[in-house]
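This report describes selected backbone, surface, core and charge features of one structure.

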Amino acid sequence: MIKPSHSSFHCWLINIYIGFILKTDFCDVTITGNIKPDKRSILLIPNHFSWWDGFFAWHLNKKLFKKQYHVMMLEKELAKRRFFSKAGAFSINLNSRSIISSLNYCQQILSNPNNLLLMFPQGRLESQHHTNIKFRKGIERIAKQSPQTRIIFAACLTDYYSHRKPSLTIALKEYNGERNLSSMEQSYNEHLNESISQQDKIYVS
């Protein structure tokens, strides 16, 4: 397992890089949802449809939550990009017994109220047009082992409308239901579809 070793210099570089590419590649970035920061740790659960997704979450954390950022990555991918371990990435190997160590490490991260953990529930890239996301079982284990942690859903949506560059909306919702797979999955999909509906209304209006 590759663990994170946060470096203020590497985080500064990533801040500069993400800020630059969001400004140059998007016409605007909007965060919606009445979510207020507090002193609890955060399990952030967004949809996973693009190369951008980890950067979207980094930007959200910088603007709103201001926690120490952590994200789980496949071990083979993180091994190629060790740079990201300096900014909070740690590894998981889905075909190894070490998966338990990675899941337990998630609990360790979330036991610190200063931390944010990003987890993509479906564990793989899927089309943005896919609106029935299936959660992997590991996320239930993490949620149950960290009852003090806030669970925040994020629906990340991109649209071009009449612009050359896309706009990005990050729609947030805090989840306060039962910490089991079916309840979280159902609630997330309801939030995702409602966010898409609201996006349509904004454009029509």
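Tyr-161 is found in the loop between strand E6 (150–159) and strand E7 (167–175); helices (H or I, at least four residues) and strands (E, at least two) are DSSP runs, numbered from the N terminus. The model is predicted, so local features need pLDDT of at least 70 and side-chain atom pairs count only at pLDDT 80 or more, while totals for chains, interfaces and linings use all residues. Residues are numbered from 1 along each chain as its sequence is written, and side-chain values use heavy atoms, with hydrogens and water left out.

Phi of Tyr-161 is near 50°, a positive value in a residue other than glycine. Most residues other than glycine have a negative phi. Tyr-161 counts as partly exposed because its relative accessible area is 31% (buried means under 20%, exposed over 50%, partly exposed in between; 1.4 Å probe, protein chains only). Lys-66, which is not a glycine, also has a positive phi, of about 60°. The place of Lys-66 is in the loop between H2 and strand E3 (68–74), and its relative accessibility of 61% makes Lys-66 exposed.

Lys-66 is also part of a positive surface patch, together with Lys-23, Lys-62 and Lys-63. Patches are made of residues with over 30% relative accessible area and no salt bridge, like charges being joined within 9 Å and nonpolar side chains (Val, Leu, Ile, Met, Phe, Trp, Tyr) within 5 Å. Lys and Arg count as positive and Asp and Glu as negative, with His and the chain ends not counted; the place of a charge is taken as NZ of Lys, CZ of Arg, CG of Asp or CD of Glu. Lys-63 belongs to helix H2 (residues 53–65).

A nonpolar surface patch consists of Phe-9, Trp-12, Leu-13, Ile-16 and Phe-83, with about 510 Å² of accessible area together. Accessible areas come from the Shrake-Rupley method with a 1.4 Å probe, and for residues only the protein chains shown count as cover. Phe-9 lies in helix H1 (residues 8–25) and is partly exposed, at 48% relative accessible area.

The largest nonpolar core has 34 residues, of which Leu-44, Phe-56, Phe-65, Ile-170 and Leu-172 touch the most other members. Such a core is a set of buried Ala, Val, Leu, Ile, Met, Phe, Trp, Tyr and Cys residues joined through side-chain atoms within 4.5 Å. Two or more residues each come from H1, strand E2 (42–46), H2, E3, strand E5 (115–118), E6 and E7. H2 gives the most to this core, namely seven residues.

The structure holds nine salt bridges, each a side-chain nitrogen of Lys or Arg within 4 Å of a carboxyl oxygen of Asp or Glu. Among them are these:

| Salt bridge | N to O distance |
|---|---|
| Arg-40 and Asp-38 | 2.6 Å |
| Arg-40 and Glu-174 | 3.8 Å |
| Arg-81 and Glu-77 | 2.7 Å |

Arg-40 is partly exposed at 36% relative accessibility, as is Asp-38 at 29%. Arg-81 is partly exposed at 37%, and Glu-77 is partly exposed at 24%. Through shared partners, salt bridges join Asp-38, Arg-40, Arg-150 and Glu-174 into one network.
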